[in-house]
Amino acid sequence: MSKLTLERDICVSTLSNGIRVITEPMPAVRSVAVGFWIGTGSRCETIEENGTSHFIEHMLFKGTPKRSAEDIAREVDAIGGHLDAFTGRELVGYNTKVLDEHMPLAFEILSDMLLNPRFDISDIEKEKGVVLEELKMENDSPETFVHELFVSNFWKHHSLGQPILGTKKTIAGFCPENLRSYHQRYYRPENITLTAAGSLRHEDLIRVAEQYLSPLPVGGALPDFTTPPTAAPLILKNRRSLQQVHLCLGVPMVPATHPLRFAAYTLNVILGGGMSSRLFQNIRERQGLAYSIFSELNLYRDTGLMAIYAGTSSETARKLLDGVMLELRRLKNDPLPAEELRHAKDHMKGSLMLSLESTSSRMSNLARQWMNFGKFYTLDELAESIEAVTADQVLSLAREYFNSEKIGLAMLGRLEGLTVTREDLAC
């Protein structure tokens, strides 16, 4: 095992089987947050496997040869701890937060779940029903549905555009054999990062990690990623049962490690990243066209997406779309006021500082920085990167990506009489 101590007492070690362990002590707290990060997600799945990563995440809570699902819940509750998990397009995470004195037990429980899932056929069949209800819930949410509709066509014919939950057909086909095969393929040392933050000593966590994780054998080479080409879809889907028209408009953006990523964050804040953003102020506050309107930035290892969501009435859908396009053109063609740039930078720095005050957020931040960059940036370095963003960089991104040939649109709701052409997305 090797150990490397970095700035602000971050320590990085490699276990005997290759699992990377990263810790950051926070002496002023009594809690410890521990997270296992698996380099998989819907992007790693074939069409037939779609939804497998998410389903396995559910199944890991269904018990091991040592514990039932109820045992897991009772043991964590008995120590006042929290146990959670999520599945994304490129990452699956499992984490627990407990008092420092309960860290060894919580770690053993989480390790048991990750390494020894039962994949019992009766549990699988019951969980299919649970996941299908989750799928129905997402389909009943117009905001979620229109986003998935957009993404599936934005990255069409590529796994990055696949739904995280899978489909009715793929979920129905899950069985112990294919779940176990996928688990063995991705839940292995080369593809696992372990992070922890809070009231802990690095050496104590390493000792516990070696004890419970060393049985996990080393595997072979991981599958390669292919960079997805992007499309500019134009989709209008009528759904008369809805009271609103829901809009998702998006453009490609730089990947997560790009030198201009901070300029992309700045552009997003200015466009629709808060209550003082242009979209919120001009579309909602001044014109009263929408209750909910915002932009979001989703950056991945080799590509990105900046998307705008809004919901409005059928009568004002055209006006809202025209208003959104006007804001894109303004950002692309007009100089960025120094005061607005200053406000965006202060917003980002404040949000960054506040987001890293808990053990859970520090634990997650360690994973993101290591998996994306293989290093750790201090808060001062991040603040300096934000400060270094220039108006010309923001303008350059807007001019490159706010392009009629790159803008995609999905609209869902009562669309009778509404037509949208590529000319309407002229920018």
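Close-up 1. Searching the whole structure, which is a predicted model, turns up zero disulfides. Take Cys 44 as an example: this residue is in no disulfide, and the nearest cysteine sulfur, belonging to Cys 175, sits 20 Å away. A disulfide would need the two sulfur atoms within 2.5 Å. Cys 44 counts as buried because its relative accessibility is 14%. Cys 11 has a relative accessibility of 8%, so Cys 11 counts as buried too.

**Close-up 2. Helix α9 meets helix α12.** Here you can look at α9 (residues 261-272) and α12 (residues 338-355), whose axes come within 9 Å and cross at roughly 105°. The two helices are therefore roughly perpendicular to each other. On the α9 side, the contact is made by Phe 262, Tyr 265, Thr 266, Val 269 and Ile 270. From α12 come Glu 340, Leu 341, Ala 344, His 347 and Met 348. By type, the residues of this contact divide into seven nonpolar, two polar and one charged.

**Close-up 3. The largest nonpolar core and the neighbours of Leu 328.** This core has 53 residues. Those with the most contacts inside it are Leu 249, Met 253, Leu 267, Leu 328, Phe 402 and Met 411. Zoom in on Leu 328: leaving aside residues up to four places away in sequence, Leu 328 touches Leu 249, Leu 271, Ile 308, Phe 402, Ile 407 and Cys 427.

Close-up 4. In soluble globular proteins, nonpolar side chains tend to be buried together.

Notes. Residues are numbered from 1 along each chain as its sequence is written. This is a predicted model: local features need pLDDT of at least 70, side-chain atom pairs count only at pLDDT 80 or more; totals for chains, interfaces and linings use all residues. Side-chain values use heavy atoms; hydrogens and water are left out. Buried means under 20% relative accessible area, exposed over 50%, partly exposed in between (1.4 Å probe, protein chains only). Axes are lines fitted to C-alpha atoms, for helices over the stretch in contact, and angles run from 0 to 180 degrees between N-to-C directions. Helices (H or I, at least four residues) and strands (E, at least two) are DSSP runs, numbered from the N terminus. Angles under 35 degrees count as roughly parallel, over 145 as roughly antiparallel, 65 to 115 as roughly perpendicular and the rest as oblique. Contact means heavy atoms within 4.5 Å. Ala, Val, Leu, Ile, Met, Phe, Trp, Tyr, Cys and Pro count as nonpolar, Asp, Glu, Lys and Arg as charged, and the others, Gly among them, as polar. A nonpolar core is a set of buried Ala, Val, Leu, Ile, Met, Phe, Trp, Tyr and Cys residues joined through side-chain atoms within 4.5 Å.
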